[in-house]
4 protein chains.
Amino acid sequence: MKAIIAHAAKDLRIEEVVEEEPGPGEVKLALATGGICGSDLHYYNHGGFGAVRLKQPMILGHEVSAYVTALGEGVSGLAVGQLVAVSPSRPCRSCRYCQEGLYNQCLNMRFYGSAMPFPHIQGAFRQSLVADKLQCVPADGLTPGEAAMAEPLAVTLHATRRAGPMLGKRVLVTGCGPIGVLSILSARRAGASEIVATDLSAFTLSLAKQVGADRVINMAEEPEALAAYGADKGTFDVLYECSGAASALAGGIAALRPRGIIVQLGLGGDMTLPMMAITSKELELRGSFRFHEEFAVGVGLMQKGLIDVKPLITHTLPLDEAVNAFEIASDRSKAMKAQIVF
Amino acid sequence: MKAIIAHAAKDLRIEEVVEEEPGPGEVKLALATGGICGSDLHYYNHGGFGAVRLKQPMILGHEVSAYVTALGEGVSGLAVGQLVAVSPSRPCRSCRYCQEGLYNQCLNMRFYGSAMPFPHIQGAFRQSLVADKLQCVPADGLTPGEAAMAEPLAVTLHATRRAGPMLGKRVLVTGCGPIGVLSILSARRAGASEIVATDLSAFTLSLAKQVGADRVINMAEEPEALAAYGADKGTFDVLYECSGAASALAGGIAALRPRGIIVQLGLGGDMTLPMMAITSKELELRGSFRFHEEFAVGVGLMQKGLIDVKPLITHTLPLDEAVNAFEIASDRSKAMKAQIVF
Amino acid sequence: MKAIIAHAAKDLRIEEVVEEEPGPGEVKLALATGGICGSDLHYYNHGGFGAVRLKQPMILGHEVSAYVTALGEGVSGLAVGQLVAVSPSRPCRSCRYCQEGLYNQCLNMRFYGSAMPFPHIQGAFRQSLVADKLQCVPADGLTPGEAAMAEPLAVTLHATRRAGPMLGKRVLVTGCGPIGVLSILSARRAGASEIVATDLSAFTLSLAKQVGADRVINMAEEPEALAAYGADKGTFDVLYECSGAASALAGGIAALRPRGIIVQLGLGGDMTLPMMAITSKELELRGSFRFHEEFAVGVGLMQKGLIDVKPLITHTLPLDEAVNAFEIASDRSKAMKAQIVF
Amino acid sequence: MKAIIAHAAKDLRIEEVVEEEPGPGEVKLALATGGICGSDLHYYNHGGFGAVRLKQPMILGHEVSAYVTALGEGVSGLAVGQLVAVSPSRPCRSCRYCQEGLYNQCLNMRFYGSAMPFPHIQGAFRQSLVADKLQCVPADGLTPGEAAMAEPLAVTLHATRRAGPMLGKRVLVTGCGPIGVLSILSARRAGASEIVATDLSAFTLSLAKQVGADRVINMAEEPEALAAYGADKGTFDVLYECSGAASALAGGIAALRPRGIIVQLGLGGDMTLPMMAITSKELELRGSFRFHEEFAVGVGLMQKGLIDVKPLITHTLPLDEAVNAFEIASDRSKAMKAQIVF
């Protein structure tokens with residue numbers, strides 16, 4: 001079978017790898033659709049990010065849906081032929097954090113397509129995959145593309161939980177890539193009453209508007225528009241920081257009201273923060289990392305039509321155009337989410 | 001001008017009362033629509049409830065919308081002719097609880113149409129009303145009927161905030177009168193992923209289903225259906241108790257999972273609770289009483305189309321049919337919310 | 001070896017039972033001291049409580065300290081001869097609640113000395129005991145009597161966590177048995193600024209005062225003293241209900257301020273509550289059940305001198321006077337905590 | 001009467017100013033003791049800090065106790081001759097944040113001795129002071145020096161509330177100036193089970209140890225000692241950052257466990273943070289600013305002997321040695337809190 005393997009920056013190959021067979025409690029899957037994530041793009045374009053670097057060839061991909069092709073011993077609740085969303089999160093379920101129920105903090109996490117430990121954790125962009133039953137969430141009624149959105153949606157649902165009660169809150173989203181736009185959907189689903197989104201790209205802002213932002217601000221065109229929200233110590237209750245840019249964070253902090261909450265989603269390097277404002281307005285900066293039970297929650301919300309991710313899927317390409325798909329996904333002036341059909 | 005005045009049980013009269021004029025900071029209003037609430041019905045049918053009894057004639061009504069007819073000195077932000085939702089809540093803004101921001105706990109509250117203090121606090125079912133500017137929330141874009149729903153909606157939005165984070169939660173609503181059905185809308189708006197509702201009336205359950213309940217259970221027809229949710233210590237994360245019936249509360253408690261939350265909305269007398277289950281499952285029973293800032297939040301959510309209360313308004317009658325409106329509203333097999341046009 | 005076995009109400013026998021040997025991960029213990037708990041007294045005096053009844057002979061006891069006498073394979077971190085506090089809580093660590101970290105809600109809990117499942121879970125009042133390593137918390141520096149207090153202390157530490165932030169709060173404790181008095185110690189340790197305690201027994205109230213209650217009220221002598229705290233909707237932020245009496249709960253509710261929190265510790269039958277006060281003051285009634293990590297926390301707090309439980313240990317008797325110890329413990333006019341030395 | 005007035009950096013003068021008389025609701029006070037705070041030292045040594053600069057002469061001081069000398073019209077609950085702790089916090093009680101109960105976020109705050117608005121808010125280091133009754137908390141039983149510690153104690157009690165539940169938590173305090181040491185006392189009072197403190201000064205660390213830190217680390221002598229706490233993603237539940245040094249914050253972040261909480265107390269300029277660790281460990285950085293009701297709470301805790309601040313008062317000088325007192329207070333190798341007797 002074929003897999004999409006990153007060897008180094010700009011060296012992405014479609015190569016043959018050996019198929020696996022499912023053991024007890026496992027499921028064999030034929031991959032349906034895979035979405036390209038920002039971290040995949042970092043490996044593709046730069047060979048990694050920060051201290052996380054490719055040191056050996058690695059199969060990319062962690063946003064995938066698949067069809068069940070075989071059930072290992074003792075697996076029930078799934079049927080051959082069924083579409084499933086496949087969670088890339090594989091906690092050990094026995095370390096101290098797993099025992100506390102903090103599975104996303106697992107000390108021995110094996111998250112698909114991560115170069116962080118060595119040997120790297122291989123990813124899910126391969127035609128055939130063997131997964132633990134616990135990773136597979138039935139996605140009946142969804143398209144394979146929607147099911148493959150379960151992973152980034154889970155990230156923003158988790159972030160929304162980290163932000164606390166949202167009903168009637170005023171929300172600012174800085175950065176309208178896929179995580180930013182899914183944050184808009186998640187915040188709205190959780191009851192936000194007003195959502196303002198900022199970015200530098202007219203394309204992503206138009207999508208932000210389409211999925212429900214009440215107002216979008218192009219910081220390249222209206223650099224001062226956000227300042228008005230900073231009057232009387234600020235307006236917004238919650239800031240989803242999805243840009244990774246210190247300037248966006250600083251601008252958002254000025255627009256947050258006292259006791260406002262910043263959810264930090266982007267994984268970046270060191271960042272310089274205006275501590276005087278954080279202290280004197282008593283803001284809260286909360287890190288948010290991956291997800292756990294929100295994966296299944298998101299599938300359920302999509303199935304009931306309570307969250308619609310379809311507008312985000314702007315490009316769908318076949319496996320043999322994978323390199324092209326990565327190129328398209330890298331251009332944020334045209335692409336939101338690019339997916340590959342396996 | 002005319003007002004709807006309760007003199008005693010089953011003695012409701014439309015009588016002439018003197019118009020008032022607005023002072024500084026006040027607004028003169030021509031009433032548009034008034035909704036009949038459960039407490040109005042208690043005064044009408046029984047002369048009160050519990051220790052709260054009519055001791056003098058009292059104008060009923062606290063769910064009202066109105067058109068601005070005159071502005072008192074110093075009032076800005078409102079225009080003559082504008083439709084407003086009128087909050088019946090008038091805290092003193094100076095007692096110890098108001099100073100903490102707990103306005104719904106005001107020691108000197110003057111809530112429209114309440115027989116609790118004596119002399120009673122007169123209500124808002126009168127053709128002309130003078131209100132404080134702070135009570136008036138612009139309702140542009142809403143119908144007068146929708147605007148008059150702002151008050152009961154605020155009750156359930158407040159209850160939803162009392163319930164804590166709701167995203168992805170499983171919710172049970174016991175009792176599908178207007179407060180129960182608005183609880184369904186509020187819980188869904190706040191992100192509940194599954195909502196089950198119970199009642200004894202096929203009519204109210206059909207409305208519960210229509211506004212978004214995933215499943216409705218007629219306890220008269222399927223008395224055992226809820227028990228299945230009690231397996232393995234229970235299923236639901238949150239229970240909105242809107243029936244005031246001890247049996248409904250007990251049944252709901254059995255279906256709640258450990259650490260589940262019960263929001264108690266109904267104002268009733270003493271109730272016998274299964275304390276063993278509450279203690280051993282570590283449930284939380286939280287009282288919820290009226291609202292404060294949720295009044296304006298609800299108007300905003302309706303204006304943006306994020307909550308649609310129109311299906312609840314089943315009957316609209318003119319002022320001179322007010323007694324008939326109270327009779328209709330008393331029959332829960334046919335009416336959800338009956339409103340009077342002034 | 002000898003064990004204390006309840007056969008029926010008032011039929012308590014000291015009998016020979018077979019010693020066990022430790023397997024992998026287990027520890028063999030020579031019991032040091034065992035404290036008599038309220039549930040032990042229910043078995044002794046009444047053969048059970050509510051629906052929980054003795055159906056076969058059961059070794060009593062779950063408040064115990066012991067000396068390590070042998071280590072099973074693979075056990076480290078403990079030494080032969082070391083004093084340990086032994087947690088009676090044995091969750092399965094694999095059910096859905098254990099996987100969430102809610103170990104006290106385990107579906108397969110085997111808590112020492114419980115008649116709830118059948119066959120009953122045998123208790124720890126036996127000269128030799130084999131326990132899992134995870135149950136044993138080193139108690140160096142404590143007396144065996146103090147170490148045997150770790151269990152009831154953990155109950156009140158858990159309840160204090162359930163009550164939420166305590167710093168500067170005003171606290172009412174109704175019922176001054178061991179759990180009530182330990183609640184006073186725990187609330188004070190967590191920063192309560194004012195603690196008032198009520199009971200009907202002069203003896204227990206004198207102990208409550210001794211361990212730090214700012215004021216004690218004998219409800220038999222000053223039945224109206226609590227009412228003054230109910231002015232202006234009430235005074236106390238938190239109520240620990242440790243009496244199991246509906247009248248105490250109702251009196252406490254009247255003295256709680258709006259948004260006050262009731263921690264319900266006693267395991268009793270159905271109870272009639274003043275729901276109007278709960279709803280209109282927006283109180284929160286939170287069940288609290290046993291403990292998990294608080295067991296080790298309590299041992300640590302005692303070791304550092306941050307909580308002193310010694311004043312509660314009013315009686316210490318040898319094993320052959322066990323029946324007498326149960327009689328003494330049953331008389332709340334003279335005994336707080338009676339312990340048996342093994 | 002005399003007052004201590006900063007004219008510019010290193011230009012501190014004791015000058016005559018005019019006495020005021022109390023109006024309705026006000027109290028006339030004879031100052032007893034005043035403590036020198038870090039912000040006073042900034043004005044004295046540097047003429048300000050960050051963007052906050054002296055632009056006109058300003059009376060310093062905001063940590064004061066006083067004796068009541070006269071009562072204005074309508075003041076009850078205070079007696080002439082009584083010692084009071086005087087809160088320097090004077091919110092307007094009418095802006096939007098005051099109306100929410102967030103008095104420390106008042107838009108019109110007049111906090112003693114602040115150069116931030118212009119004209120500056122004059123301070124309390126003057127022999128006679130007229131204050132609002134609400135600022136005065138009876139301090140019977142305390143020494144004037146203790147009562148003057150109510151203000152910095154309130155800062156750390158507020159920070160402790162911002163940190164959330166503390167019972168059984170492991171706490172790190174970086175920076176052992178007066179705020180750091182008071183944080184140790186506050187965290188312990190709120191139930192922290194283990195407290196580690198770091199600083200570069202042997203003197204301040206010895207005081208940290210004396211008031212209850214379980215371990216102190218001199219980062220100048222043991223620069224690597226903190227690293228051991230970073231194993232397995234970290235140890236501490238809560239970090240009080242009281243140093244204002246980015247390196248201390250970074251070191252503390254490495255030692256925090258997942259979901260750990262950082263309370264940021266110091267008011268400094270921009271700071272560079274390790275965002276990768278904050279995001280991936282899902283830490284929370286919470287600003288904490290001044291206090292409100294904690295002022296009276298702290299006085300009460302000191303009166304009951306539940307917090308003892310006396311060890312912190314290392315120097316007490318008469319008014320005419322005020323300049324010397326500022327010099328002594330500036331030397332952290334010898335002084336913790338220097339106070340002036342008026």
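Reader: How many salt bridges are there between chain B and chain C, and what makes a pair count as one?

Author: The count between these two chains is six, in a predicted model where local features need pLDDT of at least 70, side-chain atom pairs count only at pLDDT 80 or more, and totals for chains, interfaces and linings use all residues. Side-chain values use heavy atoms, without hydrogens and water, residues are numbered from 1 along each chain as its sequence is written, and chains are lettered from A in the order in which they are written. A salt bridge requires a side-chain nitrogen of Lys or Arg within 4 Å of a carboxyl oxygen of Asp or Glu. The side chains of B:Arg257 and C:Glu100 meet at 2.9 Å, N to O, and therefore this pair qualifies under the 4 Å limit.

Reader: What is the area buried between chain B and chain C, and how is it defined?

Author: It is about 3,800 Å², of which carbon and sulfur atoms give 54%, where buried area is the accessible area (1.4 Å probe) that two parts lose on being put together, summed over both. In chain B, the residues B:Met275, B:Thr279 and B:Glu282 lose the most area to chain C, together 16% of what that side buries.
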